[in-house]
Amino acid sequence: MVGGEAAAAVEELVSGVRQAADFAEQFRSYSETEKQWKARMEFILRHLPDYRDPPDGGGRLDQLLSLSMVWANHLFLGCSLLGPE
């Protein structure tokens, strides 16, 4: 049954997305607005596969979270490495 297989595949995908969102939720800052958090969460989830911590605990997840804050500060607050112009 193709319909049953497709429904099962969709349910599995939705379940995976929920798990990823639940995982990311622990990194939300109390001062972030909903708009800022949604954008930063998408950034985290988009890049998470590239920043999985290796078994030896290399701290790649910390690097991703730091980059997500830098990106959000640049996007929403206008911060830059160059300073004021």
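**Helices H2 and H3**

Trainee: Is the crossing of H2 and H3 left-handed or right-handed?
Mentor: The model is predicted, and the two elements concerned are H2 and helix H3 (residues 60–77). Their crossing is right-handed.

Trainee: How many residues of the contact of H2 with H3 are nonpolar?
Mentor: On the H2 side, the contact includes Ala39, Phe43 and Ile44, and on the H3 side Leu64, Met69 and Trp71 are among the residues. Three residues of the contact are polar and two are charged. The nonpolar residues number ten.

Trainee: Which backbone nitrogen lies 3.0 Å from a polar atom of the side chain of Gln36?
Mentor: Gln36 is in helix H2 (residues 34–47). Leaving out residues up to four places away in sequence, Gln36 touches Ser31 and Phe76. The backbone nitrogen at 3.0 Å from its side chain belongs to Thr33.

Trainee: What is the C-alpha to C-alpha distance between Gln36 and Leu75?
Mentor: In sequence, the two are 39 residues apart. In space, their C-alpha atoms are separated by 9.1 Å.

Trainee: Which element has the highest mean pLDDT?
Mentor: The mean over the protein is 82, and 84% of its residues reach 70 or more. Helix H1 (residues 2–25) has the lowest mean of the elements, 74. The highest, 93, belongs to H2.

Technical notes. Residues are numbered from 1 along each chain as its sequence is written. This is a predicted model: local features need pLDDT of at least 70, side-chain atom pairs count only at pLDDT 80 or more; totals for chains, interfaces and linings use all residues. Side-chain values use heavy atoms; hydrogens and water are left out. Helices (H or I, at least four residues) and strands (E, at least two) are DSSP runs, numbered from the N terminus. A polar contact is a pair of N or O atoms within 3.5 Å; within protein, one must be able to donate a hydrogen and the other to accept it, and residues adjacent in sequence count only if both atoms are side-chain atoms. Contact means heavy atoms within 4.5 Å. Axes are lines fitted to C-alpha atoms, for helices over the stretch in contact, and angles run from 0 to 180 degrees between N-to-C directions. A crossing is left-handed if the near helix is turned anticlockwise from the far one by less than a right angle, and right-handed if clockwise. Ala, Val, Leu, Ile, Met, Phe, Trp, Tyr, Cys and Pro count as nonpolar, Asp, Glu, Lys and Arg as charged, and the others, Gly among them, as polar. pLDDT is the predictor's confidence in each residue, from 0 to 100.
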